Amino acid sequence: MSSEKASSSENIVSQKYDRCLADFLVKAGVGFSVGVVGSVILLKRRTWPIALSTGFGMGAAYADCDRSFNPARISGTRIISQTEESK
């Protein structure tokens, strides 16, 4: 017998928000780092590559978080209702 408790919906949402925040920080940080390196090495220390790559990282994190909260937005996914499942 397993003694696993059912997770409450509040815990599930809280875990999703935690994952989204961690993902946001990592992807924005990686984008910032890539922008700094690209700016210093290639573009004579201009600031727009930093802003652009940080924005790309934040956008990717936002898209992943959006898919986590709304799985119907994942392309190729079909939501099956209870009536379709019982057939």
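**Exercise 1. Find which residues of α1 are buried and what they pack against.**

Solution. Buried means under 20% relative accessible area, with exposed over 50% and partly exposed in between (1.4 Å probe, protein chains only). By that cut-off, Cys20, Ala28, Gly31, Gly35, Gly38 and Ser39 of α1 are buried. Next, look for their partners: these buried residues pack against α2 (48-69). Helices here are DSSP runs (H or I, at least four residues), numbered from the N terminus.

The model is predicted: local features need pLDDT of at least 70, side-chain atom pairs count only at pLDDT 80 or more, and totals for chains, interfaces and linings use all residues. Residues are numbered from 1 along each chain as its sequence is written, and side-chain values use heavy atoms, leaving out hydrogens and water.

**Exercise 2. Locate the disulfide and state its handedness.**

Solution. Apply the rule: a pair of cysteine sulfur atoms within 2.5 Å. The count is 1 disulfide. Cys20 is joined to Cys65, with S to S at 2.1 Å. Now take the torsion about the S-S bond: it is about 100°, so the disulfide is right-handed. Cys20 lies in helix α1 and Cys65 in helix α2, so the pair ties together parts 45 residues apart in sequence. Both Cys20 and Cys65 are buried.

**Exercise 3. Describe the surroundings of Lys16.**

Solution. Start with position: Lys16 sits in helix α1 (residues 9-42). Its relative accessibility is 23%, so Lys16 counts as partly exposed. Then list contacts (heavy atoms within 4.5 Å). Leaving aside residues up to four places away in sequence, Lys16 touches Ser68 and Phe69. Finally, the C-alpha atoms of Lys16 and Cys65 are 8.0 Å apart.

Terms used:
Helices (H or I, at least four residues) and strands (E, at least two) are DSSP runs, numbered from the N terminus.
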